[in-house]
Structures are given as structure tokens and as C-alpha cells.
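Student: I would like to learn how to read a model of this kind. Please start with the overall dimensions.

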Amino acid sequence: MPDTVLIDERTLSSAVDELSAAHGEIQGIISLYGRPPLWGREPGFASLVYTILEQQVSLASARAVYRKLEGLIGPVSPRKLTAVDTAALREIGFSRQKTDYCRNLADLIITGELDLDTLEDATDAEVMS
């Protein structure tokens, strides 16, 4: 098995077919609602912040908070996010934990400890470490 599997239309379709064959109820769901879409996002800090905001809440709620963040700071970047005080982030809908996650991510990028540009060519193990 390869170390990294990129998800594209072909691999997503193959995975859905495999799951449908193994679990008949999934085929019923696909018949009712269609195949799941492949969501694409621009790589980078802003997408990671958006993904953090989406965890354990509705996608609509996350989108609303992210739009408020953009309204507050413009294009989302590590330096702009760290310039906003915690109270302002909480006021637009960031939880305490999501504030910490996003600030820590921004700090790692600012200090150079994390270089997002190197992740695309890294193995899963390298990314996790």
C-alpha cells in the first residue's frame, strides 16, 4: 500500500464504489442523495483555519465564523490572526479551543517551525511528525 493516497475524483469514486459493494445501505443513500462531492480548497493557512472551525459544528456555522474573521482581518494570514486579541475572536464565534489551535498553528508558521509549502511532497509519516 502506498504511503500517501491523493484523493481525486477517481480515488473518491473508487472508494464510494467499494463501500457501496460492501454495505448495501450506502447504495441506498447514494440513490437518494447522489455521490458525495470532492471538496477542493486552496492549500495554506486560511484553509487550515477554516477546517479547524468546521470541527464539531455545522458547516454553515463554521462558514459564518470564517466570514466574520475575514470581515475583521481581511485575507486570513498567520500574522493577521495573531494580531487579533482573544476576546475579539471569541466575539465572532471562535471557541476557546479553536482559538488556541489557530493561534498555535499561526505561531508555528511565523517562527518557521512549520513550513506548509513542504507538506505537499512529504509522506504521511513526515507530515504527522
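Tutor: The radius of gyration is taken over C-alpha atoms, and the globule rule is 2.2 Å times the number of residues to the power 0.38. For a compact globule of 129 residues the value would be near 14 Å, but the chain has 18 Å. Its C-alpha atoms fill a box of roughly 50 × 35 × 20 Å along the principal axes.

Student: What should I know about the source of the coordinates?

Tutor: This is a predicted model, in which local features need pLDDT of at least 70 and side-chain atom pairs count only at pLDDT 80 or more, while totals for chains, interfaces and linings use all residues. Residues are numbered from 1 along each chain as its sequence is written, and side-chain values use heavy atoms, with hydrogens and water left out.

Student: How many helices and strands does the chain have?

Tutor: Helices (H or I, at least four residues) and strands (E, at least two) are DSSP runs, numbered from the N terminus. Here there are 8 helices and 0 strands.

Student: What percentage of the residues is buried?

Tutor: Buried means under 20% relative accessible area, exposed over 50%, and partly exposed in between, with a 1.4 Å probe and protein chains only. Of the 129 residues in the chain, 24% are buried.

Student: Is helix α3 largely enclosed or in the open?

Tutor: Helix α3 (residues 45–54) is largely enclosed by the rest of the structure, because 7 of its 10 residues are buried. These are Phe45, Ser47, Val49, Tyr50, Ile52, Leu53 and Glu54. They pack against α4 (59–73), α5 (78–83) and α7 (96–111), where contact means heavy atoms within 4.5 Å. Just after α3, glutamine 56 has a positive phi of about 65°.

Student: And is α2 largely enclosed or in the open?

Tutor: Helix α2 lies largely in the open, because the number of buried residues among its 10 is 1. Just after α2, glycine 34 takes a positive phi of about 90°.

Student: At what angle do α1 and α2 cross?

Tutor: Axes are lines fitted to C-alpha atoms, for helices over the stretch in contact, and angles run from 0 to 180 degrees between N-to-C directions. The axes of α1 (residues 9–22) and α2 (residues 24–33) cross at roughly 125° and come within 5 Å. That makes α1 oblique to α2; under 35 degrees counts as roughly parallel, over 145 as roughly antiparallel, 65 to 115 as roughly perpendicular, and the rest as oblique.

Student: Which residues of α1 and α2 meet?

Tutor: Val16, Leu19, Ser20 and Ala22 in α1 meet Gly24, Ile26, Gln27 and Ile30 in α2.
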